[in-house]
Amino acid sequence: VCFIPDGLDCSISFVSHVLGKVCVHGRQKEILSVLVPRLTDLTKSDCIWQRICWRLVECVPDRWMEAVVLGFVQRAPGADALSRLLGNLVVKNKKAQFVVTQKVLLLQYCHTTAVLQNLLGYLSLDSLRRALLIQVLQELLETWGSSSAVKHSPPEQQQYISKAILICLSHLKEPEIKSCRQELLTSMMEGVKCHLDSNLPQIRRLGMIVAESISLKINTDGPVLKFQYEEDDEARELKSLLVQAPPFCVVPSLPDDERNEKADAALPLVLESNKKSHTAAPMMPDEASDAELDSDDDLIPYDMSEDKELKTKAPVYVRDCIEVLTGSEDVDKWEATVKALESLVRKNPAATREVSVELAKILLHLEEKTCIEGFMELRQRAQVAVLTTDPIPVAKYLTSQFYSLNYSLRQRMDILDVLVLAAQELSYPKSHGKTKHSGAQKPCIQLLPGSDSSKDWRRIVDERIKSKTRRFATGPSQVELASGPNEFNSVAGHFFFPLIQHFDRPLTTFDLLGEDHLVLGRLVHTLAILMYLAVNTVAVTAMGKALLEFVWALRFHTDSYVRQGLLSCISSVVLSVPTERLLEDMTEELLETQSWLGDVVEKDPDGDCRRLALQNLLLMENLKKKLKTVPS
Amino acid sequence: MALPPPDPQFVLRGTSAAVHALRFSCGSQEPDVPILFSGSENGFIHVWNLKTHRVDTALDGHGRKSVYCLETMGGKDRLLSQGRDQRICLWDLAEGRTAVTDSVVTENVGFCRCSLLKLAEGRWLMAMAAKALEEVQVLELPSKTSVCTLKPEVGAKLGMPMCLKLWQLNCGSQPLLLAGYEDGSVVLWNLSMGKALSQLVCHQEPVMSLDFDSEKAKGISGSSEKVLSIWSLNEQQNLQVYKTHKLVNAGISDITIRPDKKILATAGWDHRIRIFGWKKLKPLAVLDYHTATVHCVSFSDHKNPSERLLAAGSKDHRISIWSIYTQT
């Protein structure tokens, strides 16, 4: 589309109509990808073209305005380009204003950060439009600060709004900040409260970053708000939005470049690189001449094959390890021991069994003496190794310590993690045990069966159905998986029952039902995993019954993490306990649980809880169906 | 087929403490015996007779505090020693005397070895770490007058000076100082103006030791990490990195270039002494004798090239003497 107005007064409205119609039919990309760059170039220096462009967009009928404006906002190469193209359209046209200030920011969240930058930069560039910028910021903050929005809107939308807020903040000038300082402060306080209350770490972090940024802007002198959170790419990206890079340094390479300019730009680069190679070239002859004059060649090197990395020897016996870990002052040896401990324990099961409880005790209290990489993981793997080598006494020790005085929350949660990892290892067939071992690299297991059961419960149920039906002819058989005795069978109860025993007995420093609900949540999840892993063990029925009672006692807990854990417990029970046992021994509990689940599906505020409850109900339905289909 | 590395020519035992400093004095003619001075952690300076391999005298001048730097000032009769008692002592050892003629109180509690440069007969410049954390003071000896104090600019955050080297291009030209600091940078100082001419960040960890070849305007520095850094000085007196060399094990306590500028030796925390060719830093040998960190290495100043020796002092109380690459 290239039109040349030869100084005539031409009517643009026809073109506007065409543009609008094309855009609304979804062909924004095609037409605007040609139109926008052309117009960007033309409007750069030429005022007349700017006015033509403004007339063009102003004349687009209202019913197509949204499509056109959106298209422009998305395609424009920068905020200043957008400003030249649209002019004060948002001020003059109500529909455009609605689209720009409300629809794109509050009702949609699919746009990229670049689009947000364009849009908000555009609003900030003209004094008439700045009022809109302030208004937009207030509305964004209102949404950001409303607790219902934080609880119910998807994280992506919250991130989008946070980004928009940060960009707005970056555009605000001093006098404007002064005038709305009070409002910013109030919205920040409210908003930060709702965000920190959330269970999801991502939401909490968004809240923290935005609050910090607001505080930075309004308190230029004096202490600013500072939170501690994990800095990763997302956090850095958000923070970078606060600083507006001067637009002119980014844009220059693009504008007024026909291909000539590009070639011009290419030329200096080529020259520079030539220069560089020239400076490199003189170096080369020097080195070459050096090589010729080198009389060092007559210095013959000696054999250096013995020159290897220096390694401190780690102890070779498990008892030596205990000595080093408890007493030794030699930090090198201590480090080497910590690194070597796990493999030693695994290679010498008999020796380990003699000292297992002592070793477990030492490991539980082991603190980092020097800075070793992966200390936590090394310690945990050693603990798991000890636990799997001698399950019963060590499990007894660990579970009793879980409920003892004077342990930190971190240590109690470590105990839970170690129990889970060891149970996982024990319940898998031996050859799998090895591969699983390398798979279980992550020190903490989060929500493992919760996600497992939600994703592949169908597969598991199918497999159980398959295993129950009689086959008269086997088709091509699959490769036989390695099998071995289930080592978890004999010890499942030892892992499980002590943990469930004392949960309602508060100690002075540890109250599961009170403020330590984080540990309670972890305990519940751990029990769910142990239950899940106990499939095919003898104790599974007793465990299931105890677990259902436990769930019943805690079912109205206020923390959603705990509730999610309870629901995973139910899934594990339904999946692990054989159906006959479920229906015969636990009918009452099942019925009660079912009614509770129904309640949760309808009324629970947390999305994950509702989803888990629904899956549990489906699992129970499947049970019933299975019973009907299996020939009795 | 490369030969296995040589064994030490002989090993000196008897210091009964870790050896931190070594200095040869073998330039004098017969009937004077070649001498090796060694400074130990127990405060003694042992004067070793290299013919009999025994200690001739033991000097006790630092109150049983570790001696970590030794320098000879024109022959074996004048010795300078620096100890952890915050003193630098000047000894007169002629005709069997063992007297401390003079001392300088440094008020510095660090480990930075001082550096000595002969300006003219009887006149020396000495650079040492001063009382204030980042400063280096240059004194003239024997008058002990302060020539200048080198202070890094505010906010430079160089840390303590770790190692110093005074040098001048030829007799009579401007003396300059190279200092390696705790933050891993090497700074070239102009003494007359008291200003830094150039700064180069060579290492991520503190610079433990450095040495400089004024003819080729090339220097080498070692740190507590695994990298040796070789840097050069261009005409504008700017330092730039020439090359780096990665070692097998981390930690270098001392580096010294042989007076004929053909090879250099490094003393490593991994108990090994490494020999490199100086021209292109070609690894030549790894001498593995000691059983603890090697603290210092030193080349002898024999007039006859075939008699040249390398000495290494270690935490295991031994001093190993090597005869290596003496043919060139």
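I take buried to mean under 20% relative accessible area. With that cut-off I looked up B:D213, which has 0% relative accessibility and therefore counts as buried. I note that the model is predicted.

**Entry: the B:D213 pair**

I asked which residue B:D213 meets in a salt bridge. The partner is B:K216, at 3.8 Å from N to O.

I looked up the secondary structure of each chain. Chain A has 32 helices and zero strands, while chain B has zero helices and 28 strands.

For burial, I found that 46% of the 632 residues in chain A are buried. In chain B, 56% of the 328 residues count as buried.

I also looked at contacts between residues at least 6 apart in sequence. In chain A, 76% of these join residues 24 or more positions apart. In chain B, 44% of them join residues at least 24 apart.

A search over all chains returned 37 salt bridges. I followed up two of the pairs in chain A.

A:K545 and A:E589 meet through their side chains in a salt bridge of 4.0 Å, N to O. I located A:K545 in helix 28 (residues 540–554) and A:E589 in helix 31 (residues 587–603) of chain A, 44 residues apart, so the pair links distant parts of the chain. A:K545 is partly exposed because its relative accessibility is 32%. A:E589, at a relative accessible area of 15%, is buried.

A:R563 pairs with A:D604 in a salt bridge, and the closest N and O atoms are 2.7 Å apart. This pair also links distant parts of the chain: A:R563 sits in helix 29, A:D604 in the loop between helix 31 and helix 32 of chain A, 41 residues apart. I found both residues, A:R563 and A:D604, buried.

Helix 29 runs over residues 560–576, which is 17 residues; at 1.5 Å a residue it should span 24 Å, and its end C-alpha atoms are 24 Å apart, so the two agree. I recorded helix 29 as mostly covered, with 17 of its 17 residues buried.

I did the length check on helix 32 (residues 607–629) of chain A as well. Its 23 residues should span 33 Å at 1.5 Å a residue, and I read 33 Å between the end C-alpha atoms, which agrees. Buried residues in helix 32 include A:C609, A:L612, A:L619, A:M620 and A:K626.

**Entry: A:E66**

I found A:E66 in helix 3 (residues 62–75) of chain A. The side chains of A:E66 and A:K103 are joined by a polar contact of 3.1 Å. Setting aside neighbours within four places in sequence, I listed A:K95, A:V99, A:K103 and A:Q108 as the contacts of A:E66.

**Entry: backbone in the loops of chain B**

I asked where the chain has a cis peptide bond, and noted one from B:L141 to B:P142, with omega near 5°. B:P142 is in the loop between strand 12 (136–141) and strand 13 (145–150) of chain B.

I noted a positive phi at B:Q237, near 60°, in a residue other than glycine. B:Q237 lies in the loop between strand 20 (227–233) and strand 21 (239–246) of chain B. At a relative accessible area of 29%, B:Q237 is partly exposed.

B:L281 is not a glycine either, and its phi is positive at about 55°. I placed B:L281 in the loop between strand 24 and strand 25 of chain B. Is B:L281 buried or exposed? B:L281 is buried, with a relative accessible area of 5%.

**Entry: the interface**

I counted 26 residues of chain B in contact with 16 residues of chain A. The area buried between the chains is about 1,900 Å², and carbon and sulfur atoms give 57% of it. Strand 24 (272–277) and strand 25 (283–288) of chain B each supply at least two residues of the side that touches chain A. Strand 25 gives the largest share, four residues. By class, I found 14 nonpolar, four polar and eight charged residues on this side of chain B.

How many salt bridges cross the interface of chain B and chain A? The rule finds zero. I did find three residue pairs in polar contact between chain B and chain A, both residues at pLDDT 80 or more.

Definitions and conventions:
Residues numbered from 1 in each chain as written. Chains lettered and ligands numbered in written order. Predicted model: local features only at pLDDT ≥ 70, side-chain atom pairs only at ≥ 80, totals over all residues. Heavy atoms only, no water. Contact = heavy atoms within 4.5 Å. Buried area = accessible area lost by both parts, 1.4 Å probe. Polar contact = N/O pair within 3.5 Å; in protein donor to acceptor, adjacent residues only side chain to side chain. Nonpolar A, V, L, I, M, F, W, Y, C, P; charged D, E, K, R; others polar. Expected span 1.5 Å × (residues − 1). Buried < 20%, exposed > 50% of the residue type's maximum accessible area, 1.4 Å probe, protein only.
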